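The sequence and the structure are shown here for reference.

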Amino acid sequence: MGGKAEPEEEVGEKEEIAKGARGEQARGMQALEGGDNESDMDVASVKKAMSMIQKDSGEAKALEAARKARLAKVEVNKEDVQVILSQFDDLTTERADEVLREHDGDLRRTLLALCE
């Protein structure tokens, strides 16, 4: 009988540990030790998520490069950039140029957009 009580006590102790902060710590240690299949699935999930993030990041970089290439083709008048700068003290020359290009070089539309 004495031998049977120990495993029951161990089971009860494991259930108690599985609750609360101590349980979190115990599960964290198990994951570090690689002792269960659940942690293997977590690693696979993390790898998959990281792969998706990298893919999304690559797509975002490609979209930004395409946007910059499109904006570079838009011709802007330097005097229009100066008008924008005279009206908006907080804008840099580069940002004024960019906003003007985003509005196809149309000064009126650019000024209206900046006022919104």
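A residue is called buried when its relative accessible area is under 20%, exposed when that area is over 50%, and partly exposed in between. The model is a predicted one, and the terms just given are applied to its side chains below.

Side chains of opposite charge can pair when their charged atoms come close.

| Salt bridge | N to O distance |
|---|---|
| Arg101 and Asp97 | 2.7 Å |
| Glu98 and Arg95 | 2.9 Å |
| Asp104 and Arg109 | 3.8 Å |

Arg101 and Asp97 are both part of helix 5, where four residues, or about one turn of the helix, separate them. Asp97 has a relative accessible area of 18%, which is under 20%, and therefore counts as buried; Arg101, at 19%, is buried because its value also falls under that cut-off.

Glu98 and Arg95 are likewise set about one helical turn apart in helix 5, being separated by three residues. Glu98 is partly exposed at a relative accessible area of 27%, and Arg95 is partly exposed at 35%. Both residues also belong to a network of salt bridges that links Glu64, Arg67, Arg95, Glu98 and Glu102.

**The loop and its salt bridge**

Between helix 5 (93-102) and helix 6 (107-115) runs a loop that includes Asp104. Although Asp104 is not a glycine, its phi is positive, at about 55°. The partner of Asp104 in its salt bridge is Arg109, a residue that is partly exposed, with a relative accessible area of 37%.

**Packing of helix 5 against helix 6**

Two packed helices are described by the angle between their axes and the distance between the axes. For helix 5 and helix 6 the angle is about 115° and the axes are 8 Å apart, and the two helices are therefore roughly perpendicular to each other. Their crossing is right-handed.

Which residues of helix 5 meet helix 6? Val99, Leu100 and Glu102 do so, and on the side of helix 6 they meet Leu107, Arg109, Thr110 and Leu114. By type, the residues of this contact between helix 5 and helix 6 comprise four nonpolar, one polar and two charged.

Definitions and conventions. Residues numbered from 1 in each chain as written. Predicted model: local features only at pLDDT ≥ 70, side-chain atom pairs only at ≥ 80, totals over all residues. Heavy atoms only, no water. Salt bridge = Lys/Arg side-chain N within 4 Å of Asp/Glu carboxyl O. Buried < 20%, exposed > 50% of the residue type's maximum accessible area, 1.4 Å probe, protein only. Axes fitted to C-alpha atoms, helices over the stretch in contact; angles between N-to-C directions. Parallel < 35°, antiparallel > 145°, perpendicular 65-115°, else oblique. Left-handed = near helix turned anticlockwise from the far one by under 90°. Contact = heavy atoms within 4.5 Å. Nonpolar A, V, L, I, M, F, W, Y, C, P; charged D, E, K, R; others polar.
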